[in-house]
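Subject: Structure handover

Hello,

Here is the structure for you to look through. Please open it next to this email, as the notes below go through aromatic rings and charged side chains.

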Amino acid sequence: MSLHPYLYLASQSPRRAQLLDQLGVAHELLLPDDNEDAERLEAERPGERPEDYVLRVTRAKLVAARERLARRAWPQAPVLCSDTTVALGLRILGKPADAEQARQTLALLSGRTHQVFTAVAVHDGRRTRVALSRSTVQFAALPPEVIDAYVASGEPFGKAGAYAVQSALAGWIAQIKGSYSGIMGLPLYETTQLLRQARLRMALTPS
């Protein structure tokens, strides 16, 4: 059976696109239509554990992406979806709605250790495969002026936990355990295993 030459990436995250580029995976964006309520898929459910939440959201995004592909009648190819959430204990820290919420989130993370969960789902035309990455991140104490400067930079917006691990705030991360790429938004080890099973062509795929 021949390898798939490319996949559809159903994500607006430039970081996920960059990470797929790192693996040598050709991809095309499969973004939501204007009338799709993408944010609705990320709504939390009372009492939901962070890992259950991120797996549910990722699967829901994949279903929506496959429906979108069928609607558009584009050529068939594997579809990849991913979602990342930050959790302090059982509390899910999503994307901040405004500057004040970003400050509050960063103040919560200051001097503490939190978890980052990233789920990946790939549908190859026949079956869906899902993987989950778990990592821990420990922040040093963040002075108020550092939080204010980071919020003013605009970096926290659109990011779970109000920060990006590859941003200037990395200088205040004391320790990471787990997958750096998973914290960025696409765990490369887990993704590679899923793409191998889905028979995707990658840079290091044997000829």
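A residue counts as buried when its relative accessible area is under 20%, as exposed when it is over 50%, and as partly exposed in between. Glu42 has a relative accessible area of 15%, so Glu42 is buried. Please keep in mind that this is a predicted model.

Salt bridges

Side chains of opposite charge can pair when their charged atoms come close. A search of the whole structure gives 13 salt bridges. One of them joins Glu42 to Lys95, with 3.5 Å between the closest N and O atoms. This pair links distant parts of the chain: Glu42 is in the loop between E2 and H2, and Lys95 is in the loop between strand E4 (91–93) and helix H3 (99–109), 53 residues apart. Lys95 has a relative accessible area of 39%, so Lys95 is partly exposed.

Arg71 and Glu36 form another salt bridge, and their closest N and O atoms are 3.2 Å apart. Here too distant parts of the chain are linked, with Arg71 in helix H2 and Glu36 in the loop between strand E2 (27–29) and H2, 35 residues apart. Glu36 is partly exposed, because its relative accessibility is 24%. Both residues belong to a network of salt bridges that links Asp33, Glu36, Arg68, Arg71 and Arg72.

Glu51 forms a salt bridge with Arg49, the closest N and O atoms being 3.3 Å apart. Glu51 counts as buried at 16% relative accessibility, whereas Arg49 is partly exposed at 41%.

Aromatic rings

Arg72 also has a place in this part: its charged end sits over the ring of Trp74, 5.0 Å from the ring centre. Trp74 forms one aromatic cluster with Tyr6 and Tyr8.

The structure holds three aromatic pairs. In the pair of Tyr8 and Trp74, the ring centres are 5.8 Å apart and the planes are at 35 degrees, so the pair is tilted. Tyr8 lies in strand E1 (residues 7–9) and Trp74 in the loop between helix H2 (50–72) and strand E3 (79–88), 66 residues apart. Tyr8 is buried, with a relative accessible area of 1%, while Trp74 is partly exposed at 33%.

Phe139 and Tyr163 make an edge-to-face pair, with 5.0 Å from centre to centre and 80 degrees between the planes. Phe139 is in strand E6 (residues 128–139) and Tyr163 is in the loop between helix H4 (144–152) and strand E7 (173–177), so the pair ties together parts 24 residues apart in sequence. Both residues are buried.

Regards

Key
Residues numbered from 1 in each chain as written. Predicted model: local features only at pLDDT ≥ 70, side-chain atom pairs only at ≥ 80, totals over all residues. Heavy atoms only, no water. Phe/Tyr/Trp six-rings, centres within 6.5 Å; stacked < 30°, edge-to-face > 60°. Helix = DSSP H or I, 4+ residues; strand = E, 2+ residues; numbered from the N terminus. Buried < 20%, exposed > 50% of the residue type's maximum accessible area, 1.4 Å probe, protein only. Lys NZ or Arg CZ within 6 Å of the ring centre and 35° of its normal. Salt bridge = Lys/Arg side-chain N within 4 Å of Asp/Glu carboxyl O.
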